[in-house]
Each structure stands twice: as C-alpha cells, then as structure tokens.
Amino acid sequence: MIETLDVVWRHRIFYLFVLPFAVLTILFGLWPILLSIQVSFTASATALRPNPTYVGFANYLVVLSDPAFLASLTKTFLYTALSVVANLAFALGVAVLLDSALLTRGNLFFRLAIFLPVVTPDVAGYVVWRWLFDRSFGAINAMLEMIGAPAFAGLTSARTAMASLLIAELWHHAGFYMIIFLANLSMRDKALEEAAHVDGATAWQRWRYVILPQLKPALIINTVYALIQFLKTFTVVVVMTKGGPNEATNFVSYYAYQLFDQGRYGEATAMATILFAIVILISLTFYRIADREVAA
Amino acid sequence: MSIARGDNRALQIAAYALAGTISLAFLYPYWWMLVSAFRATKAIMAAPIRLWPETLDFSIFAEIAQIGGVPLWRYIANSFAITGLSTVLGVTITALGAYALTRMPKLPGFATLRTVFLVAIMYPYMLLVIPVYLVMYKLGLLGSYAGIILFLALGPIQFFLFEQFFRKIPAEVIEAAIIDGASEAQILFRVILPMAAPVTATVALITFLLNWAQWFPIMVISKTPDTYTLPVALLAMNTELGANFQGIMALAVITTLPVAVLFLLAQKRVMEGMAAGAVKG
C-alpha cells in the first residue's frame with residue numbers, strides 16, 4: 001500500500017496528464033453505464049426517485065418474454081447480417097476495382113465520391129434519402145417510371161422498408177470499409193502475384209488464393225466494426241421510418257428508446273443492457289475466432 | 001502480359017463505366033438536395049428529377065431564417081462553437097491521456113482506465129439517454145453548452161490515433177532527453193508534442209467532422225432549441241407535420257456544406273487518418 005502510494009507520488013506528473021481524460025471517461029462513460037444497469041433492476045415508476053424500489057431481474061424477465069422484443073431482436077439480427085454482408089461485399093468489390101491498374105486516371109475522384117457520405121452528417125444524408133424514396137417527391141420512383149420499371153414502395157411498405165434503410169446506410173458507411181480494404185490492398189506483397197502468374201495461375205486463382213488471404217486483417221476489422229455498427233442501428237430509423245411501417249424496422253435500440261419515451265425506464269435499460277451484452281459477446285467471439293484462424 | 005491489347009482496352013472501358021456509375025450514384029443525392037433547395041415544392045412534385053432549377057431563387061433561405069422560434073444563424077453559430085470547442089478540448093485531453101497511458105502503462109490504475117474507456121465506447125450510446133440525462137442533471141449541466149461540449153470531447157478514433165503514434169516513438173528519443181536533464185513536462189512539451197504536430201492535425205480534423213454530425217447527445221442534453229446544432233434543427237424540422245420540403249433541403253445543404261468543403265480540402269489526411277485509427281481498434 002505504502003509502496004503503491006510511493007509509486008503514484010513519484011509519477012504524479014503522469015497522473016496529472018491523465019486526470020482530465022480519466023474524469024471525462026468516468027463521468028460520461030462509466031457512471032451512465034452503471035446508472036443504466038442500476039435502473040434496469042428497479043421498478044420503472046420509482047426509477048428516477050432517490051430511493052427506487054429494486055425488483056431483481058423482473059424487468060429482464062418482462063423483456064425476454066415480450067414477443068415484440070423477440071421479434072425486434074430477430075429483425076435486428078437479420079438487418080445486421082444483411083447489412084454486414086452487403087456493405088463488406090460492396091466495399092471489397094469497389095476497393096479491388098479502384099486498386100486495379102485499369103483505373104489510374106480519375107482514381108481520386110472515385111474515392112472521394114464514395115467516401116464523401118462518410119463525413120456527411122448522417123441526419124442530413126438520411127433526410128435526403130427519406131425524400132428520395134418518397135412516392136410523390138422522390139427521384140427514385142420518377143426514374144423507375146421513366147425507364148418503365150415498376151414502382152418501388154420504399155418506406156411505405158413493410159416488405160421494402162428494411163431494404164430502403166439498408167441502401168441509405170450502405171451509402172453512408174461503405175466508403176469507410178472501402179478505405180480499410182484499400183489500405184490493406186496497398187500493403188500486400190505484389191511479388192507473390194507475379195510468381196503465381198509465372199506459375200500459370202489464372203486471374204481468378206491469383207485473386208482467390210494469393211490476394212484474398214492477404215486481406216484477412218481488413219476483413220476482420222471491417223466485420224467487427226460493421227457488426228457493432230449495425231447491431232446498434234438507430235439514427236436511420238429515427239430519421240426515415242420511426243420503426244414502421246407495421247414495426248418492420250423497429251430494431252432493438254429504437255424499441256428501447258420508445259420505452260424510455262413512455263417512461264418504462266426499468267424495461268428500457270434492461271433491454272439496453274441485453275443489447276450491450278450481445279454487442280460485446282459477438283465482437284469478442286469474432287476476435288477469438290479470428291485469432292485462432294490467424295494462429296492456425 | 002498474355003492479355004491481348006484489345007481485351008485490355010475493353011476491360012478498361014468497362015472498369016471506368018462501372019466506377020463512374022457507382023460514383024455518380026453516390027453523388028446524386030447531393031445534387032438532388034442542392035437543386036431541390038432552389039425549387040418550389042410544387043415544381044418538384046411535377047418533375048422530381050429535373051437536373052437544374054427553373055429559376056435561381058434564393059428566397060427559401062429568407063423563409064427558413066427562423067426555425068422553431070430560433071434564428072437560423074444561432075444554429076449555425078452553435079454548430080461552429082460546439083464543434084470547435086469540443087474538438088480543441090477533446091484533442092488536448094486525449095493527447096495528454098493517451099500519452100500518459102502509453103508511456104507508463106504499468107502505473108497503478110492505468111490499465112483499468114484504458115479498459116473502462118474501451119468498454120464505454122462499445123456501449124450503444126443511444127441507449128444512454130436517461131442515464132446521461134441523469135448525470136447531467138446531477139452535475140447541474142442540463143441545458144448548458146458546457147454539458148454538451150464535455151460530453152462530445154472523447155471519442156474512440158481520436159484515442160486510437162494518438163495511442164498508435166505515441167507507441168511508435170523510439171525509446172531512445174525519450175532516454176536522450178532524460179540524459180540531457182529534461183523534466184517529464186519538458187519531455188512532453190518540448191520533445192513529444194512538436195513531433196506529434198501532424199497526428200494532432202489529423203485528429204483535430206477528424207474530431208471536427210465527427211462532432212459536427214452529432215445530434216443525439218445534443219438533443220438529450222438540451223432543454224430548449226436554443227442549444228441545438230444544425231443536424232438537430234434539421235431533424236426537428238423533418239419530424240414536423242406538413243413538412244416544408246424545400247426548407248428541409250435548404251437546411252440539409254447548410255448542414256452538409258461546411259464539412260463537405262473541409263473534407264475536400266483535407267481529403268488525404270482524413271481518409272488516411274480514419275483508416276489508421278480504425279486499424280488500431
């Protein structure tokens with residue numbers, strides 16, 4: 001104890017450096033999370049009082065036996081899976097295209113065009129997409145009509161709403177995954193491809209067996225990022241659908257947010273804690289699988 | 001190469017056509033937003049995909065000079081003030097914190113602090129509404145600029161970029177300074193921070209771009225629209241019934257333009273920085 005204090009005192013300047021960072025992390029990171037977990041064990045009606053009534057796991061039981069929550073969770077997983085695959089496939093395809101020797105001139109223009117939405121405020125981007133999908137104002141249906149294609153129901157139908165959100169989110173996020181792939185592609189060992197070429201490997205074989213294995217770091221990083229990103233999908237729902245139509249896009253974070261709005265704090269924070277646990281579990285599992293793959 | 005010349009040429013044309021189509025599809029929403037801001041709502045309903053406004057009419061900007069009882073200039077000033085101050089504060093605090101944590105990782109409490117930070121950034125922060133509201137209430141910061149700015153100061157990419165940079169500084173640099181009799185404060189301010197100028201610029205740029213786009217914490221911490229930034233005002237306007245479509249598009253243009261220009265001016269730094277900051281995560 002004395003020794004520890006001595007170590008701390010001798011390095012007090014480093015504690016001084018780290019102090020503001022520590023204060024902010026504790027005040028606005030740790031404290032709200034602990035409060036949130038605490039509220040999840042209290043009765044909603046008393047949650048915000050100085051002496052709330054503790055109800056154990058009652059809120060968790062209510063949430064886990066609520067069919068609407070389970071439906072919301074299923075939709076969240078489905079949307080996450082589709083989004084991760086669509087975003088990564090698109091970003092990888094574009095990165096390989098832009099990395100090829102075929103596109104030397106104008107390459108920067110293509111990169112800027114696809115990355116610009118990443119730094120565009122998401123609210124602004126999704127507001128524009130909301131109206132692009134609109135039946136009477138929107139450009140998308142006007143274009144479809146012009147080429148004689150059937151109309152796209154967009155946000156007005158439960159069958160197409162999820163796809164519409166996926167398109168808008170892909171526009172906003174794919175550029176980020178693309179630059180990770182591009183960074184990885186520029187670091188690869190090109191001599192290996194030459195050697196494979198000399199050995200008579202076809203273009204497909206070179207891509208599949210020489211290039212793709214070298215992209216494993218970018219694939220892992222992008223998968224983890226995308227999983228966390230899409231499990232937490234929120235802004236696009238607030239701006240474009242409010243969970244509708246007919247609950248089709250009522251993902252977990254939006255559902256929990258609605259409970260907050262109705263004053264059901266206990267259940268809302270229980271739901272938040274469950275989603276937090278899922279996010280951590282999935283990312284850790286994925287990291288572990290990735291580690292084993294690399295080691296093997 | 002074994003590929004015949006003609007094939008190569010055809011392949012190149014196909015590659016340009018594909019990359020060009022994708023790029024134009026990504027840029028089209030910006031063009032549509034811009035054109036729609038200058039067209040009357042009736043005209044848009046009649047011809048949604050016109051590529052150029054009928055007349056160059058700026059009157060919409062006078063029409064949205066007041067939004068929700070607050071002057072437009074106030075939202076613009078809020079955006080610049082909140083984003084600017086949270087960036088300066090965040091960069092300073094993160095640089096000092098990341099430096100201490102990477103230089104002396106074994107000091108008591110340092111590893112724990114780093115873990116707490118890493119866990120906190122994984123929490124779905126849109127679910128922190130009530131707790132953050134409570135924390136701000138208990139600190140007396142509800143509805144204040146200070147509350148908003150402090151909440152926006154820390155972020156993961158900023159931390160990872162600094163951490164990555166400080167880890168790469170050779171130990172000899174610091175040892176040499178110690179031998180020269182420099183104090184720890186002198187080492188940081190005379191040796192390390194001058195070396196860190198480029199990474200600091202990158203972190204500041206990225207923080208500005210990310211914080212400009214923030215809306216949810218600002219909405220939660222605000223008591224009235226007086227402390228709203230542009231994205232929050234845009235969302236509020238978009239949620240109104242009987243929405244003023246042309247006004248929404250004009251406000252979306254104002255919200256997007258400053259960061260789009262900043263990004264285009266500093267694109268290399270932003271894209272490389274974001275890629276590097278992510279790879280560390």
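**Entry 1: the two domains of chain B**

I began with spacing: the centres of domain 1 and domain 2 of chain B, taken over C-alpha atoms, are 33 Å apart. A reminder to myself that this is a predicted model. The bounds I used for chain B are 1-57 for domain 1 and 61-280 for domain 2.

Next I looked up who touches whom. Domain 1 of chain B puts eleven residues in contact with eight residues of domain 2 of chain B. I get about 810 Å² buried between these two domains of chain B, with carbon and sulfur atoms giving 78% of it.

**Entry 2**

I ran the salt-bridge rule across the interface of domain 1 and domain 2 of chain B and got zero. Polar contacts did turn up there: two residue pairs, both at pLDDT 80 or more.

Then I asked which elements of chain B give two or more residues to the domain 1 side that touches domain 2. I found helix 1 (5-37) and helix 2 (41-46) of chain B. Helix 1 of chain B has the largest share of that side, with six residues. Sorted by class, the domain 1 side of chain B that touches domain 2 comes out as eight nonpolar, two polar and one charged.

**Entry 3: chain A against chain B**

I moved on to the two chains. I count 91 residues of chain A in contact with 95 residues of chain B. The area buried between chain A and chain B is about 8,500 Å², and 85% of that comes from carbon and sulfur atoms. Which residues of chain A lose the most area to chain B? I noted three phenylalanines, Phe21(A), Phe28(A) and Phe137(A), though together they make up 9% of what the chain A side buries.

**Entry 4: what the chain interface is made of**

For polar contacts between chain A and chain B I have eight residue pairs, at pLDDT 80 or more for both residues.

Which helix gives the most to the side of chain A that touches chain B? I have helix 2 (residues 12-39) of chain A down for that, with 19 residues.

Note on methods
Residues numbered from 1 in each chain as written. Chains lettered and ligands numbered in written order. Predicted model: local features only at pLDDT ≥ 70, side-chain atom pairs only at ≥ 80, totals over all residues. Heavy atoms only, no water. Domains from an automatic or database assignment. Contact = heavy atoms within 4.5 Å. Buried area = accessible area lost by both parts, 1.4 Å probe. Salt bridge = Lys/Arg side-chain N within 4 Å of Asp/Glu carboxyl O. Polar contact = N/O pair within 3.5 Å; in protein donor to acceptor, adjacent residues only side chain to side chain. Helix = DSSP H or I, 4+ residues; strand = E, 2+ residues; numbered from the N terminus. Nonpolar A, V, L, I, M, F, W, Y, C, P; charged D, E, K, R; others polar.
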